[in-house]
Amino acid sequence: FDGTLRPSHKSWISAVEWSPNDPFVLASSSHDGSVKVWDIRSSLPLHTVRAHEKGQKSLCLGFANRTIFSGGTDCIVKKFRF
C-alpha cells in the first residue's frame with residue numbers, strides 16, 4: 001500500500017477533515033456534492049453520501065461523534081451519521 005487514496009470524487013475536493021476520535025479516519029467533500037469517509041489504511045472510501053444537489057458545492061465539514069456536518073452553496077447544513 002503506497003498511502004494514496006484512489007480517485008473517487010468526480011470533481012475537485014473542497015475540504016478534508018480528520019476525525020478527532022480515530023487517527024485513521026478522515027472525510028472529504030467535493031464540488032460534485034458528495035461526502036466520503038475514508039480509512040487511510042484502505043485505498044477505497046468506507047462511505048459515500050450525496051450531500052448536496054448536483055452543481056452544489058460542499059464547502060466545509062466537521063466531525064462530531066461519528067456524525068458529519070456538510071454545508072454547501074445551497075445554504076443548507078446537512079447532518080450524516082456513519
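**Close-up views of an all-strand model**

**Figure 1. Contacts across the predicted model.** Of the contacts in the protein with a separation of 6 or more, 31% join residues 24 or more positions apart. The structure shown is a predicted model. Buried residues account for 38% of the 82 residues in the protein. The protein exposes about 5,100 Å², and carbon and sulfur atoms supply 56% of that area.

**Figure 2. Secondary structure along the sequence.** The protein contains seven strands and zero helices. Read along the sequence, these elements give the pattern β-β-β-β-β-β-β.

**Figure 3. The hairpin of strand 3 and strand 4.** Strand 3 covers residues 34-39, and strand 4 covers residues 45-50. The two strands pair in the antiparallel sense, with five bridges between them. Together, strand 3 and strand 4 form a hairpin in which five residues lie between the strands. Within this pairing, Lys-36 has Thr-48 of strand 4 as its bridge partner. In a regular strand, side chains alternate between the two faces of the sheet.

**Figure 4. A charge over a ring at Arg-41 and Phe-24.** The charged end of Arg-41 sits over the ring of Phe-24. The distance from this charged end to the centre of the Phe-24 ring is 3.9 Å. As for pairs of aromatic rings, a search of the whole structure finds zero.

Terms used:
Residues are numbered from 1 along each chain as its sequence is written. This is a predicted model: local features need pLDDT of at least 70, side-chain atom pairs count only at pLDDT 80 or more; totals for chains, interfaces and linings use all residues. Side-chain values use heavy atoms; hydrogens and water are left out. Rings of Phe, Tyr and Trp (its six-membered ring) pair if their centres lie within 6.5 Å; planes under 30 degrees apart count as stacked, over 60 as edge-to-face and the rest as tilted. A charge sits over a ring if NZ of Lys or CZ of Arg is within 6 Å of the ring centre and within 35 degrees of the ring normal. Two strands pair if DSSP finds at least two bridges between them. Helices (H or I, at least four residues) and strands (E, at least two) are DSSP runs, numbered from the N terminus. Buried means under 20% relative accessible area, exposed over 50%, partly exposed in between (1.4 Å probe, protein chains only). Contact means heavy atoms within 4.5 Å. Accessible areas come from the Shrake-Rupley method with a 1.4 Å probe; for residues, only the protein chains shown count as cover.
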